[in-house]
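Colleague: I have the sequence and the model open. Can you walk me through it?
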Amino acid sequence: MPDDLTTYAENTWCPGCGNFGIFNAFKNAVRRLEQEDGISRNNILITAGIGCHAKIFDYLDLSGFYSLHGREIATAQGMKLANPAVTVVAFAGDGDAFGEGIEHLIFAAKRNADITVIIHDNGVYGLTTGQFTPTSPEGFRGPSTPFGSPEEPLNPIKLMLSVGASFVARGFSGKLKELTDVFYQAMKHKGFSFVDVLQPCVSFNDTYKLYNSKVENLPQPVSTVEEAMKLAEQTEKLPIGVFYQVEQVPTYHERLLGDLNIVSQRASKEQRWESIRTLLQQST
Amino acid sequence: MEKELFTFIAGGTAGAGIRKAGAVAGYIFTRMGRRVFEMEDYQSLIKGGHNFAVVSSATYPIKSHYMKADLVVATDKRSYDMHKEHLRDGGVMVFNSDAMKDETVPNGGIGIPFTTISRKYTNSELRLGVGAITVLAVSIGMSKDELADVIRTQYRDAENNINFAMEIYDAAAPQLFGKFTLKKTDEKPLPMISGNETISLGAVAGGLDFFFSYPMTPASSILHFLAAHAKEFQIGVMHPESELAAINMALGAASMGLKTMVASSGGGMALMEEAFSLSGMAEVPVLAVLGSRPGPSTGVPTYTEQGDLRFAINQGHGEFPRVVASPYSMEEAFYLAAEMLGLVQEFQTLGILLTEKHLEESRMTVDIDPTKASWAEPIMYQGGDEKYLRYKITEDGISPLLFPPSDQVIKFTSYEHDEYGVSTEDPQIIAKMHEKRARKQETIVRKLMQMHTVNVFGHGGPVIFTYGSTTMSVLEALHCANLEATVVQPIYLEPFPTWEFEKFKNVSPIVVEQSVMGAFETLIKEKTGIKAKASIRKYDGRPFDPEELAQQIKEAI
């Protein structure tokens, strides 16, 4: 399936892997942004953590930075601060974003960093052969928890709602159309956007049937955080779509830098000399 | 007799305005055309404890404070106890008589009821520093008007401070007025700033765009200074959630074309280490300032040491080129920060500016010309390839840069990769990329060979090897003891400028450093084969005192 958004890299995801759904939905969303909103793919930059999810960086023919395990959300914020004119998407695994690098996820949401975070949430460390993750259910058996995980899982949606994320959504890798739509909305959202994608791992945690029987479309976001929290607590049915969105919240780069875009407006050598001379004079 | 060298110590609890008093004393001395070096000794606490500022000034370019003072103002008992041994012949101790009521005070001390007088004013404790400045002014024969002018320009709440100062003035003048006559010069007053300020200004002069840092003493004042002046410089300054965030954001921003810097002390640098290795692999430049405190672990936060040398040159897992350098003075720190920012851009890798609390937080008079700072320019892609290759194999190991957004796809990556930036496990490509980065190391060495990488001070006499701010202590020690020696200080420590040491291969130097295990001495031996004749090491967290060091050097000769 080579196309103009796919590199020559050999695809090594397992056949049937939920990552294919995320990959295809994301490419569809990029094309939709190009067609409907005139946003060039040159201005859509990507970053990824480390794990099966992150191979998407090699497969997508887009610019960006293949980061470290858990640090992709920090990398993404640095990229956005450098040039607020671009759209930055961080792909992360549940181990990356909820384990190794949870601080960056929480703070990116807290400060309303204008980036999109897409979690490939399969509840398992696939690339390291099946250990439990922060979203694995209690009792999950993997090589590091042979008698079952002794921990309760995190609820990613509730976590993000509680720290003030301005766009919180859930998708399912098996529903391409709905997932495309959520990605498209997330990238268009001004401010921090979070998409938790339920994703089966066919080798170590095949949740395909379970999710297929439980997901149901959420037609539109609810209007309060409290309602969104209640939706996030549902376990019989798993709503997918945008849970909560609040617009017009100032973004972090606006609050820190105003309208300064350092790439295009950096001070010249001579301006810097002048400022330094003035400061030295004041210290005399 | 007019004094060429004069040292003033002010001591008191944290919160008594002692640090400010050190700065104001410096202001007074620079107004007399004198050079100043000020060292602040403070503890890791906010209130209480013991702080003191040592301000030495001279008519020549002084490079260290002296622990033997001409005038000590002890605003509490603890200061008195600590500094009564710090008076030189003819020195005067002025103590707080309110704090010493039940104590036997030896001859020669002058008691002033600082506390009683200060209690007539609000924020009485904070005014003790003003009291210390007043005593200094009296002792060097300043008039009340001159003192009032100083307070007006240097302190808030000037009216109350001036009233308070005048009461102290009257109490001190009968015994102390004009006790010391300081030699003046016609030199223009020079700015007196800290090493952290010169590092910050140097980075800005060199092209710094964005600074990311999580607070950690003694590096925090870089963050404070740059944050305060970010708007003037049109740069970004961010204090994120952790050092991990700081360095990864810095690399993300650098991948977009910004010149970025981070700073911390040992613990924070250790947290950043995985990302330093990422800088090496992804070939994304970043400059990191490592400000040493006595270690290991949390160590002693507000004191000085040079125990991080090996840590600095060995940052990051895996093999990749990097540049490590350490400035000897506040002025050199300015030019070096700019130069290193340029080197990391040119070679797309990690640079570490290694320094110590003693340089970062001491203040001295500096003569800086911003137009002489180098300006960082990366080597940019000029087109010509069918597709842009981020990791193009080149002879010198440098793959020209291009930054997003672009109509070309630009892939930076932490995995081993092909030229395009796609992950690889191919044995031939792995080897080729390793070799490309290794060639960059050789290119860096060729570049350094054209640069000024080692300072040599003086000529003749015994040879002394040292580095970092300890160099200032050595130079001042030689000056005060009137000793002739050749002092060799490598500015660059990685790649190590071995070629500059050829001419010293037959000497047996004295090695001076602030380290218990002799990290510098063993590095010199490993890199150059030169064995030390004698080692002078200090590792109690305090910088060398020039007179004590001179004695040690004499014994070593």
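Modeller: Start with one pair of residues: A:Leu45 stands opposite A:Val88 in β3(A). Keep in mind that this is a predicted model.

Colleague: Which strands does that pair belong to, and how do they run?
Modeller: They are β1 (residues 44–48) and β3 (residues 87–93) of chain A, which run parallel and are joined by 5 bridges.

Colleague: How many strands are in the sheet around them?
Modeller: There are 9, and they form an open sheet with mixed pairing. The order is β9(A)-β10(A)-β7(A)-β8(A)-β4(A)-β3(A)-β1(A)-β2(A)-β17(B).

Colleague: Which strands are at the edges?
Modeller: β9 of chain A and β17 of chain B. Each has a single partner strand, so one side of each has no neighbour in the sheet. From one strand to the next, the twist averages 20 degrees.

Colleague: How does the strand from chain B join on?
Modeller: Strand β17 (residues 411–413) of chain B pairs with β2(A) in the parallel sense, over 3 bridges.

Colleague: What does chain A look like as a whole?
Modeller: Chain A has 12 helices and 10 strands. Its C-alpha trace spans about 70 × 45 × 40 Å along the principal axes. A compact globule of 284 residues would have a radius of gyration near 19 Å, and chain A has 20 Å, which agrees.

Colleague: How much of chain A is buried?
Modeller: Buried residues make up 53% of its 284 residues. As for contacts in chain A with a separation of 6 or more, 68% are between residues 24 or more positions apart.

Colleague: Change of topic: chain B. What sheet is there with 7 strands?
Modeller: An open one with mixed pairing, in the order β11-β10-β12-β13-β15-β14-β21 (chain B). Its edge strands are β11 (236–238) and β21 (492–494) of chain B, each pairing on one side only. Neighbouring strands are turned by 20 degrees against each other on average, direction ignored.

Colleague: How do β13 and β15 of chain B pair?
Modeller: Strand β13 (residues 286–292) and strand β15 (residues 350–356) of chain B pair in the parallel sense, over 7 bridges. B:Val286 has B:Leu350 in β15(B) as its bridge partner.

Colleague: Which helix lies across those strands?
Modeller: Helix α10 (residues 266–282) of chain B lies across β12 (260–264), β13, β14 (322–325) and β15 of chain B. It runs at about 155 degrees to β13(B).

Colleague: Then how do α15 and α17 of chain B cross?
Modeller: The axes of helix α15 (residues 470–481) and helix α17 (residues 546–556) of chain B come within 8 Å and cross at roughly 80 degrees. That makes α15(B) roughly perpendicular to α17(B). Among the residues that meet are B:Val474 and B:Ala477 in α15(B), and B:Leu549 and B:Ile553 in α17(B). The contact has 8 nonpolar, 1 polar and 3 charged residues.

Colleague: Last one: B:Val73. Buried or exposed?
Modeller: B:Val73 is buried, because 35 other C-beta atoms lie within 10 Å. This residue is in strand β5 (residues 69–74) of chain B. Leaving aside neighbours within four places in sequence, B:Val73 is in contact with B:Ala10, B:Val94, B:Ala132 and B:Val135. The C-alpha atoms of B:Val73 and B:Gly129 are separated by 9.4 Å, with the two residues 56 apart along the chain.

Methods: Residues are numbered from 1 along each chain as its sequence is written. Chains are lettered from A and ligands numbered from 1 in the order in which they are written. This is a predicted model: local features need pLDDT of at least 70, side-chain atom pairs count only at pLDDT 80 or more; totals for chains, interfaces and linings use all residues. Axes are lines fitted to C-alpha atoms, for helices over the stretch in contact, and angles run from 0 to 180 degrees between N-to-C directions. Helices (H or I, at least four residues) and strands (E, at least two) are DSSP runs, numbered from the N terminus. Angles under 35 degrees count as roughly parallel, over 145 as roughly antiparallel, 65 to 115 as roughly perpendicular and the rest as oblique. Two residues are in contact if their C-beta atoms, placed from the backbone, lie within 7 Å. Ala, Val, Leu, Ile, Met, Phe, Trp, Tyr, Cys and Pro count as nonpolar, Asp, Glu, Lys and Arg as charged, and the others, Gly among them, as polar. Two strands pair if DSSP finds at least two bridges between them. The radius of gyration is taken over C-alpha atoms; the globule rule is 2.2 Å times the number of residues to the power 0.38. A residue is buried if 20 or more other C-beta atoms lie within 10 Å of its own, exposed if 12 or fewer, and partly exposed in between; C-beta atoms are placed from the backbone.
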